[in-house]
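Dear colleague,

Please find below the structure that I am handing over to you, followed by an account of what was found in it.

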Amino acid sequence: MNDTSTDFSIIDTDLTVEGTLTCKGKLIIKGTVRGTLDGDTVVIAKEGMVRAKTRVARITIAGNFEGDIDASQELVILATGTCSGNVVCKTLAVEAKAKFNAQVNCKSFDENGSQGVLGTEDPG
């Protein structure tokens with residue numbers, strides 16, 4: 001099976017992972033992750049805690065996140081979620097009552113398809 005959409009992993013509530021974590025498919029974090037996290041789709045559950053430099057396609061935060069996020073597609077922070085640090089993403093959604101305290105740069109694409117970052121250009 002090479003279809004990554006069927007790959008599914010869980011870091012359960014009593015598990016702590018420290019170091020570099022790389023995953024394919026969907027990763028659900030109910031426990032604690034500290035270090036570096038690379039993956040496709042990451043969901044931090046309500047009871048989950050992540051303190052990491054993170055590079056993913058998509059991330060949904062219902063628990064706690066501290067660190068750097070580079071999300072090539074989307075970042076979603078649910079009402080129970082807390083996110084602090086530095087964020088680079090293409091699409092950002094923050095539900096009411098979520099706690100969001102981060103420096104944010106949203107990726108954009110110009111009419112030629114070249115990638116840029118909104119809000120970082122010098123207007124002068």
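In which strand is E74 found? E74 belongs to strand β6, strands being DSSP runs of E of at least two residues and helices runs of H or I of at least four, numbered from the N terminus. This is a predicted model, in which local features need pLDDT of at least 70 and side-chain atom pairs count only at pLDDT 80 or more, while totals for chains, interfaces and linings use all residues. Residues are numbered from 1 along each chain as its sequence is written, and side-chain values use heavy atoms, with hydrogens and water left out.

E74 is partly exposed, because its relative accessibility is 29% (buried means under 20% relative accessible area, exposed over 50%, partly exposed in between, with a 1.4 Å probe and protein chains only). Leaving aside neighbours within four places in sequence, E74 is in contact with A57, R58, I59 and T91, contact meaning heavy atoms within 4.5 Å.

Overall, the protein has 0 helices and 9 strands. Of its 124 residues, 31% count as buried. The average pLDDT (the predictor's confidence in each residue, from 0 to 100) is 87, and 83% of the residues score at least 70. Over residues 118-124 the pLDDT is below 50, and this stretch has 4 contacts in the model beyond near neighbours in sequence. Where pLDDT is low, predicted coordinates should not be read in detail.

Beyond neighbours within four places in sequence, the contacts of I61 include I44, I69, L75 and C83.

The count of salt bridges (a side-chain nitrogen of Lys or Arg within 4 Å of a carboxyl oxygen of Asp or Glu) comes to 4. Among them, R34 pairs with E18, with the closest N and O atoms 3.0 Å apart; R34 lies in strand β4 and E18 in strand β2, 16 residues apart. R34 is partly exposed at 34% relative accessibility, whereas E18 is exposed at 60%. Another salt bridge joins R51 and E66 at 3.2 Å between the closest N and O atoms. R51 lies in strand β5 and E66 in strand β6, so this pair ties together parts 15 residues apart in sequence.

Yours sincerely
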